[in-house]
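Let's take a walk through a protein together, one step at a time. Have the sequence and the 3D view ready, and follow along as you read.

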Amino acid sequence: MSPGINLKNIKVAVIVGAGHGIGLGLVQELRAINSKCRIYATYRDSSRAGELLDYSSKLEEVTTFNVDPINENQIESFFESLKGQKIDLLINTVGTLVFENKGPEKSLRDINIETLTNIFKVNSFVTPLIAKQSKKYFSKESSSVFCTLSAMVGSIGDNKIGGWYSYRASKAALNMFIKTISIEFKRYNLRCSVLAVHPGTTKTELSKDFLKNVKHKVWTANESAQNILDTIEKSSTEGTGLFKSWDNTTIAW
Ligand SMILES: NC(=O)c1ccc[n+]([C@@H]2O[C@H](COP(=O)([O-])OP(=O)(O)OC[C@H]3O[C@@H](n4cnc5c(N)ncnc54)[C@H](OP(=O)(O)O)[C@@H]3O)[C@@H](O)[C@H]2O)c1
C-alpha cells in the first residue's frame, strides 16, 4: 500500500486543459483545498479561457500557459518552464466528442478517417506525450499522482449499447496508454499512482448538446472537480494503473 497524496499538503500541481469546464473547476477546487499549492494551468483556446485568465491574474500561486497539447514541442517547453520542480499532482482533462462538428458517430455509416484520426489525437495521444515529457518531474522519494480524465464509455467491458465509435475507442486506447504508463513509471521506481478517472456526467462545453435525455445526476464542473480530487486522493493509496469512477468505484477496463 502506498501512503498516497494528501491534497492539503501538496506543493506543485499541473492541470493540462484548464481553460474551461472540469479543468477550470479543478484549478478552483484544488486552490480551495490548498491555497499554498503552486498550480500550473494550461489552456489552448484563449477565446474560451477568459474565466481562467481572470481568476489566475489575481493569484500569485496560479500560473497559466498557452499550450496546444497535441504539439509535443509546446508540451516540452511548458515542462521546462517548471525548472525542475517535482510534480505532486498532474491531471490531463483534454478531450473532445466532435471534430469540426462531426461525431459522435451513431452508426458505421458516419465513420470517416479524418474524424477518427483527429479524435484519437486529442483523446488518446495527448496523454503519452505528456507522460514522456513529464516523467522526470515525478519523484522516487515522495508520493504523486498522474491522472487523465477518461470516460465510462471507454470501458470495453461496460459497452452494451454501442455507438459513439471514435469517442469510445479513443478513450479505450487512452486507458491502455494509462495502464502501460503505470507499468513504466513503476519500473523506474517512481512513487506515482497513474490513474484514469471518469468524472461522471458534467455540464460543460463538451456535453451540453447531449444532456437532454440524461436520467441520472448531472454535476456542475466544480462539483465534478471536487469528486475527482476526492477520488484521486483516495485511490492514490490503493496503487497504480487503475480506472476509477468519480465516486472511487473501480470500472472494468
Ligand atoms: N462532461 C462530461 O459529462 C464528461 C463525461 C465523461 C468524461 N469527460 C471527460 O472529461 C474531460 C474534460 O471535459 P469537459 O467536460 O470539461 O469538457 P470541455 O469543457 O469541453 O473541456 C475539454 C478540454 O479539452 C480541450 N480540447 C478540446 N478539443 C481540443 C483539441 N482539438 N485540441 C486540443 N485540446 C482540445 C479543451 O481546450 P480548449 O477549449 O482550450 O481547446 C478543454 O481544455 C474530457 O477528457 C472528457 O472526455 C467529460
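**Around the ligand**

Start at Arg48, where a polar side-chain atom sits 3.1 Å from an oxygen atom of the ligand. Keep in mind as you look that this is a predicted model.

In Arg44, an N or O atom of the side chain is 2.6 Å from an oxygen atom of the ligand. Thr204 also has a polar side-chain atom 2.6 Å from an oxygen atom of the ligand. How much of the ligand does the protein bury? On its own, the ligand would expose 890 Å², and the protein buries 92% of that.

Which elements give two or more residues to the shell around the ligand? They are helix 1, residues 21-33, and helix 5, residues 165-187. There are 27 residues around the ligand, and the ones that come nearest are His20, Arg44, Asp45, Tyr167 and Thr204.

In what order do the 7 strands of the open sheet lie? Reading across, the order is 3-2-1-4-5-6-7, and the pairing is parallel. At the edges you will find strand 3 (62-66) and strand 7 (242-245), each of which pairs on one side only. From one strand to the next, the twist averages 20 degrees.

At strand 7, the partner is strand 6, residues 192-198; the two run parallel and are joined by 4 bridges.

Now move over to strand 3. Which helix lies across strand 2 and strand 3? Helix 2, made of residues 50-57, lies across strand 2 (38-43) and strand 3. Follow the direction of helix 2 and you will see that it runs at about 140 degrees to strand 3.

How values were computed:
Residues numbered from 1 in each chain as written. Predicted model: local features only at pLDDT ≥ 70, side-chain atom pairs only at ≥ 80, totals over all residues. Heavy atoms only, no water. Pairing = 2+ DSSP bridges. Axes fitted to C-alpha atoms, helices over the stretch in contact; angles between N-to-C directions. Contact = heavy atoms within 4.5 Å. Near = heavy atom within 4 Å. Polar contact = N/O pair within 3.5 Å; in protein donor to acceptor, adjacent residues only side chain to side chain. Areas by Shrake-Rupley, 256 points an atom, 1.4 Å probe, with all protein chains shown as cover.
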